[in-house]
Amino acid sequence: MTNTRKAPIELGKAEFQAIGHQLVDAIANFLDAIEEQPVTTGEAPKQLQALLPPALLPENGASATEVLAKATNLVLNHSLLNGHPKFLGYITSSAAPLGALADLLAAAVNANVGAQILSPIATEIEKQTIRWLAEFIGVSPTYGGILVSGGNMANFTAFVAARTAKAPGNTKEDGLGNASSQLIVYCSKMTHTWVEKAAVLFGLGSKAIRWIPTDAAYKMDHQILEQTIQDDLQKGHTPIMVIGTAGDVSTGVVDDLQALAAICKTYTLWFHIDGAYGAPAAVLPELKTLFAGMEEADSIALDPHKWLYSPLEAGCTLVKNENYLRDTFSSHPVYYNFDSTEEDAVHNYYEYGLQNSRGFRALKVWVALQHVGRSGYVEMIRQDIELANYLFSLAEKHPELQAITHNLSIVTLQYVPKSITRDSENNKLYINDLNKELLNRLQVGGEAFLSNAVVNDRYCLRGCVVNFRTSKKDIEEIIEIIVREGRELHKSFRNSLNMSA
Ligand SMILES: *Cc1c(COP(=O)(O)O)cnc(C)c1O
């Protein structure tokens, strides 16, 4: 080896600049004309595999310029574009372009935000981001927390903290083996699938979940909740937490959080809110009553990569008393920092969550909050909701569409052919099949992208507007696309029925 080293992975300054500028130019062109591309190319895995380099791992390297140019071409031209104005699928937002640049910056410095000494400024930026997110959704900025990869992880992080706080005895030392009675958690039957994973992963078992029925408005029925808690207590079980949902993943419903908070107080249970999708809408003054009670939560999950338009991945766990995270995830008792004041206490994020080494996800969230400010978010979130409302009202007016639900920015609807009445049981099945197939068509067609929800046994098309690029015109065109494809499909279904008859 010579005294100086030039590793094969290193890029010289001029080369970095040249490749970097090319990449930024390509991305700028891509974003500028994103609505002219199909939402998806609908290519099959086999077709995509044929585009990749030869199957064997390369023995020798190649030019960085070429490798990145090919990767750019591949990724920009063969991806599903959730930044497309007609993408209303699942709950995946258009990503803030500034977030992409922030991720580049974060990766370049490569701060490890597990320990403060490894990430001095990044740790401070994450702490400020957490405080801002709490302020944003209208809870006390004294909430602490941590950024994680997404909603599932944010809910898991809170779930374990709740278990540590509320399980009898010392689960950290004794585990759950010593728990003499079954720990129980309560949530509405609309709750996202994460709760089953959490019950399995964190030792309660899926039978520990009480799926509480919903009322006519799809909110958790809090009378049944209270009755169920009382029944469990009588049986000698140990209720530990109630999980409220602020914007359920299928239909966007927000539970009666105030009522749930009151029940948690009465029975000294941990109150967790899954606001992965909906919590940011609490920033709208007109929705203050809808989200009332959120400020009582012991923990809240929210996803900046959903309605704050952060690029993936960014989830966040907020906890009213940050020490519960510390107690759960650190082996150092909190009094280690007894002597230091709050402001200059060392804050090692590995002690607040499941990860050890951690990337600098806060940066993209933090720059976006400054770029658009609260007022910018109020405007975007309000318009997303207005567009969902518009989609719903167009479906209501259309003779071949049935509008089913609208909450926050989620709409569910069905295509119903003119000649078919919705009420008969037979037709219901046919309409379900038709809409299922219609969704499959739309999802590979590339014109617009929706997902599905099942509401009262009705298979629905579901649109979720967390997309700052969507306009009224897009919504009108999406309606036309749905109806056109629905008609064609109904025709071909009918023809094949006639033929087989
Ligand atoms: C999206 C979502 C989740 C899961 O979040 P990920 O970021 O996909 O892990 C959990 N709960 C609700 C209500 C959601 O909308």
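Two strands count as paired where DSSP finds at least two bridges between them, and the helices (H or I, at least four residues) and strands (E, at least two) are themselves DSSP runs numbered from the N terminus. The model is predicted, so that local features need pLDDT of at least 70 and side-chain atom pairs count only at pLDDT 80 or more, while totals for chains, interfaces and linings use all residues. Residues are numbered from 1 along each chain as its sequence is written, and side-chain values use heavy atoms, with hydrogens and water left out.

**View A. The pairing of β9 with β11.** Strand β9 (residues 410–415) runs antiparallel to strand β11 (residues 458–464), the two being joined over four bridges. Within this pair, V411 stands opposite G463 of β11.

**View B. The open four-stranded sheet.** The strands follow the order β8-β9-β11-β10 with antiparallel pairing. Because β8 (401–407) and β10 (451–455) stand at the edges with a single partner strand each, one side of each is left without a neighbour in the sheet. Neighbouring strands are turned against each other by 35° on average, direction ignored, where axes are lines fitted to C-alpha atoms (for helices over the stretch in contact) and angles run from 0 to 180 degrees between N-to-C directions.

**View C. Helices against the sheet.** Helix α13 (residues 362–397) packs on the sheet and touches β8 and β9, its direction making about 155° with that of β8; contact here means heavy atoms within 4.5 Å. Helix α14 (residues 425–445) lies across β9, β10 and β11 and runs at about 35° to β11.

**View D. The largest nonpolar core.** A nonpolar core is a set of buried Ala, Val, Leu, Ile, Met, Phe, Trp, Tyr and Cys residues joined through side-chain atoms within 4.5 Å, buried meaning under 20% relative accessible area (1.4 Å probe, protein chains only). The largest such core has 98 residues, of which I137, M294 and I381 touch the most other members, and its largest share, twelve residues, comes from α13. Domain 2 (112–359) and domain 3 (373–497), with bounds from an automatic or database domain assignment, both give residues to this core, so it lies between them.

View E. Leaving aside residues up to four places away in sequence, I381 touches F136, P280, A281, V283, L284, W307 and Y309.

Conventions
Buried < 20%, exposed > 50% of the residue type's maximum accessible area, 1.4 Å probe, protein only.
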